Amino acid sequence: MSESAEPSFEHERGFDPGEVSGTVRLGRFEAHYEELYAEVIEDGVITADERARLERAAESLGLDRERIGRLEQALGAAYEARHRVRIRELVPDEAEAPPPASLAPLAPATDARTLALERRIAQLEGRIQELERELDEARAHVAVEVDLSDVGSAKAEGARPADEDPVDLQRRLRRDPHDLDALHALYAAYEARGDLDRRWCAAHALAFLGAATERERAFAAEHRPPALIRPQHALSQDAWRRLLFHPDEEVLTGEIFAVIAAPVLLGRVSALRRDKALPALDPDRKQDPATSTVQAVRCFAWAAATLGMPAPPIYTDPSYAGLVELVPGLPPASRLGKLALSGREPRELAFVAGRHLSWYREEHFVRCLVPSIPDLEDLFVAALAIGNPGIPLSPDLKRRVTPLAKAIEPVLEPLYVDRLRGHFLRFVEEGGRTNLQRWAAAADRTSCRAGLLLSSDLGAARAMLELEDPAQARERVDDLIAFVVSERYALLRKQLGVALRAG
């Protein structure tokens, strides 16, 4: 912990926070009403007394009746789709009435033929579940892409790498981040141009790979910041989209998911509460970044401000064995675990914070709630169906998507429904195709890039990625090697005001 005594998690004096936005929000009064309504419909019936209690709550919270009606419609649709039942609201005369015969429980079967049929049905249902799991796994791996756009751009073999243009060298590195000749040539090119910051980035990549010459290694060590970066400006929303998002992350796809992020969160929280699976966070462990002495907490507040985002509620929990996790709730919160609370260098924490906070972006948030690519596809189509109810769908897809659309649309303000209409038209104009497997992988790469931007250290990034998932660490780190010597990374450092300058 050699850097623990250094000033860490600070911004330059006069730091410009810019526009703080880009994250999912839900009004706190509506969140409270959601909790009350979820309790009421837990048994699938709304009694007259329960309706009166809901009306009193809505009045005391000052909630708009029309808005509450749409909220109930969405929550009810989600409940009915999950449990495959209809919610019944009893009028006063029905409250004491006996249940209709159709709702009486069926007597268990006793004859051999019926019992045999029931066993066969159970076997078939089990086999259907197995086939659905196999189909989900197969669909999740269908994402083969061929890109030959860069073929022919590299110089003929035998040409001196140092004589090549940096743009060509960066293109080569996107194909092969371990192209050492290209990295050495980049270092030489930036040295000749007097570009101190990009020269350091190339030297840093070479030193990280253990391939730096003595001169390159000495330069990398000499100009390595003694502590974390001290940004002068927060990252702008435009910079997120133009520079930090991975090139494979289709912006329109993220914009469509951004519109439905809050309703999906609402539905997810309601489902977890109904299933008694909503994570409970200890209120005594909630941290105030302004007063907390916990290094990881201060890091997350610093990282959020640097990325131009509001900091989420932060809880510490040494009993959680991991680094950090996003906990669904209204609002969602971050829980810091044992691996983040002790034994971490500031640069490692900075990488973890940037990577984690990237998932709070409204374009990415749904991905945290819906890890399955097939389920993500259904949500995407549901959003398009809200934008254009007449969209032609196969019967099976319509069966899956319609309940989702019914649960999402009532929560959306008219402005957001109009936005989905516009997104649908753009989607069709741009070819009407997207690869959500590729988009999800690109969003993951974006989160890693956000972490690297804050830590400025490939070694810290690799350590944290290997700690998180050793199987995928190599591929993620390779993308970061190409990113650290890219034009995008250089421009991002300039926008934050942390690029090295001569003199």
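Tutor: Happy to. Helices (H or I, at least four residues) and strands (E, at least two) are DSSP runs, numbered from the N terminus, and the model itself is predicted. With that numbering, begin at the loop between helix H10 (251-274) and strand E3 (286-287), where you will find Lys276. Lys276 is not a glycine, yet its phi is positive, about 55 degrees. Its side is open to solvent in the accessibility count: Lys276 is exposed, at 62% relative accessibility.

Now move along to the loop between strand E5 (324-327) and strand E6 (333-336), which holds Pro331. Here the feature is in the peptide bond: Leu330 and Pro331 are joined in cis, with omega about 5 degrees.

The next stop is Ser456, in the loop between helix H18 (436-455) and helix H19 (458-468). Ser456 is another residue other than glycine with a positive phi, near 55 degrees. Its setting is buried, at 7% relative accessibility, whereas Lys276 counts as exposed at 62%. The cut-offs behind those words are under 20% for buried and over 50% for exposed.

Finally, a word on the cysteines. Cys299 is buried, with a relative accessible area of 0%, and Cys448 is buried too, at 1%. A search of the whole structure finds 0 disulfides.

Definitions and conventions. Residues are numbered from 1 along each chain as its sequence is written. This is a predicted model: local features need pLDDT of at least 70, side-chain atom pairs count only at pLDDT 80 or more; totals for chains, interfaces and linings use all residues. Side-chain values use heavy atoms; hydrogens and water are left out. A disulfide is a pair of cysteine sulfur atoms within 2.5 Å. Buried means under 20% relative accessible area, exposed over 50%, partly exposed in between (1.4 Å probe, protein chains only).
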